[in-house]
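Trainee: Could we go through this model together and check each label against its cut-off?
Mentor: Gladly, let's open it.

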Amino acid sequence: AIFPSMSGGAARRSLATSAAVNPASLPVLFEDIARAATRIRDGVVRTSLSHSHWLSTICGCEVYLKHEQRQFTGSFKERGARNALMCLSEAQKERGVVAASAGNHALALSWHGKQLGVPVSVLMPTVAPLAKREKCRAFEAHIVVHGANIGEAKAHAESDPEFASMTYVNGYDDPAIIAGAGTLGLELVDQLNEFDYVMVPCGGAGLLAGVALAVKTLRPNVKVVGVEPQACASFTEALSAGAPVQAPTTSTLADGLAVPTVGANAFEVAKAFTDDVCLVEEREVALSVLRLLEHEKVVVEGGGAAGLAPILPGGQYHDQVQGKRVVVPLCGGNIDTTTLGRVLDRGLAADERLVRFVAEVSDRSGGLHRLTTVLKDAGASVKDVFHERTWLNSAVDRVQIKIVVEVVGPDHAESVKRKLLDSGVSLLVFQREVFVDNRPVRKLGDASTGPAEPAPFE
């Protein structure tokens with residue numbers, strides 16, 4: 001049976017089974033992971049596990065980071081890809097393999113295919129970053145761009161006669177892929193004698209299945225928690241339905257986790273060994289990327305940073321992990337530099353270090369100067385200014401100005417707002433508060449789902 005957790009509501013589920021699962025009946029066994037570890041050890045990086053002083057201080061627990069972003073192609077996917085390729089027969093190797101991937105699996109399969117002499121064809125959805133496509137081509141893979149998401153790309157790979165003779169390698173559900181991913185769990189246990197939690201990012205559930213199987217076999221008391229984006233809660237939907245189903249999917253910063261339907265094999269293994277699963281919002285993902293860059297000086301993609309989100313202040317597991325030892329796999333670091341900039345801005349906004357407001361000032365000489373003088377005295381730095389003169393019903397000599405300012409945090413933001421009001425500035429909106437005659441009258445919807453602007457010009 002699956003029971004909703006008492007804290008976190010629908011955004012978190014606890015897993016419990018009425019009867020013990022027979023491991024021998026599962027599609028992947030612990031022995032498969034052990035054999036995979038031996039098979040791939042000369043071809044993948046044994047990544048480091050580091051203790052984070054600053055994140056431990058912030059989260060109130062001992063945080064250990066598993067640096068999978070330091071694999072050659074930048075993600076844990078190399079483990080499964082190399083294992084799957086090495087498990088092929090000679091005839092299968094000669095005919096080659098095909099896969100659908102938005103990036104990390106494609107990179108891993110292309111690189112290890114080149115190393116092992118196995119031809120690789122990759123179906124990439126249109127949302128796949130151009131940089132990842134070009135890297136795959138550099139590894140001599142055959143790239144075909146097709147479909148709006150991984151599901152559509154996969155369907156094309158399985159139905160197009162061009163790929164009929166090739167072995168399809170599912171990046172999250174092939175048993176060899178799951179076993180390869182599980183070697184990460186073996187390394188954790190070897191590198192850290194005692195820990196209480198491991199927070200595993202979950203997309204197609206292959207990594208979660210492998211790590212959960214390895215860790216729970218060797219350390220039964222460790223809590224294994226799957227973390228997936230609210231924008232694509234495929235594992236949570238599968239748990240509710242009792243089997244893999246297609247989950248509603250929208251664009252997410254954790255694009256590497258945006259798999260609409262979890263794998264059937266991965267689901268069976270993950271369900272048997274995972275203790276809990278929780279969902280994270282976009283703002284939490286952005287904040288996790290920001291915290292890792294600021295405090296650990298590591299660049300991690302949204303999906304790779306998702307495991308940190310639940311234990312940060314305000315996260316669903318923050319209270320539960322106090323004083324505990326928590327492992328967070330940083331499962332990927334392949335993020336475009338342009339995307340990174342946008343994610344960091346969103347992280348700063350979630351951290352209330354970027355603040356937006358709308359004010360009405362005189363459109364005559366000195367009107368804007370008086371406003372910026374107040375901001376200067378309040379210690380806020382102006383980042384962006386937008387003027388609106390046309391679509392207004394106010395006097396023709398008045399202008400509405402939208403301003404984005406940099407502050408040091410929520411307390412500073414509140415101080416800036418108070419100084420603006422005390423100085424007589426006509427505030428219309430500050431963050432989510434709407435003002436009439438400089439008095440707050442209502443709040444806008446959550447910024448993660450509401451309008452991009454603080455409010456329409458009125």
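Trainee: Why is Phe386 called partly exposed?
Mentor: Phe386 has a relative accessible area of 44%. Buried means under 20%, exposed over 50%, and partly exposed in between, with a 1.4 Å probe and protein chains only. Phe386 is therefore partly exposed. Before we go on, this is a predicted model, in which local features need pLDDT of at least 70, side-chain atom pairs count only at pLDDT 80 or more, and totals for chains, interfaces and linings use all residues. Residues are numbered from 1 along each chain as its sequence is written, and side-chain values use heavy atoms, with hydrogens and water left out.

Trainee: Where does Phe386 lie, and what is it in contact with?
Mentor: Phe386 belongs to strand β14, residues 381-388. Strands are DSSP runs of E with at least two residues, helices are runs of H or I with at least four, and both are numbered from the N terminus. Leaving aside neighbours within four places in sequence, Phe386 is in contact with Gln400, Ile401 and Lys402, where contact means heavy atoms within 4.5 Å. The C-alpha atoms of Phe386 and Gly424 are separated by 20 Å, and these residues are 38 apart along the chain.

Trainee: What makes Arg79 count as buried or exposed?
Mentor: Its relative accessible area is 0%, so Arg79 is buried. Arg79 sits in helix α3, residues 77-86. Leaving aside neighbours within four places in sequence, the residues in contact with Arg79 include Lys66, Glu68, Gln71 and Glu187. Ile40, Val44, Val45 and Leu184 are also among them.

Trainee: How do you know which class Ala309 falls in?
Mentor: The relative accessibility of Ala309 is 2%, and therefore it counts as buried. Ala309 is in the loop between α13 (302-305) and β12 (325-330). Leaving aside neighbours within four places in sequence, it is in contact with Val280, Glu284, Ser288 and Gly315. Ala309 and Leu279 are 30 residues apart in sequence, while their C-alpha atoms are 9.4 Å apart in space.

Trainee: What makes a set of residues a nonpolar core?
Mentor: The set holds buried Ala, Val, Leu, Ile, Met, Phe, Trp, Tyr and Cys residues joined through side-chain atoms within 4.5 Å. The largest one here has 41 residues, and Phe195, Val198, Leu207 and Phe235 have the most contacts inside it. α1 (30-40), α8 (175-191), β9 (197-201), α9 (206-218), α10 (234-241) and α11 (264-273) each supply at least two residues of this core. α9 gives the most, with eight residues. A second, separate core has 37 residues, including Cys61, Val63, Ala286 and Leu287.

Trainee: Why are α10 and α11 called roughly perpendicular?
Mentor: They pack at an angle of about 80 degrees, with their axes 11 Å apart. Axes are lines fitted to C-alpha atoms, for helices over the stretch in contact, and angles run from 0 to 180 degrees between N-to-C directions. Angles under 35 degrees count as roughly parallel, over 145 as roughly antiparallel, 65 to 115 as roughly perpendicular and the rest as oblique. α10 and α11 are therefore roughly perpendicular to each other. In this contact, Phe235, Ala238 and Leu239 of α10 meet Phe267, Ala270 and Lys271 of α11.

Trainee: Why is Glu352 placed in its accessibility class?
Mentor: Glu352 has a relative accessible area of 30%, so it is partly exposed. Glu352 lies in the loop between α14 (337-350) and β13 (354-362), and it has a positive phi of about 55 degrees although it is not a glycine.

Trainee: How do you know the class of Asn438?
Mentor: With a relative accessible area of 23%, Asn438 is therefore partly exposed. Asn438 is in the loop between β17 (433-436) and β18 (439-443). Asn438 is not a glycine, yet it has a positive phi of about 65 degrees.
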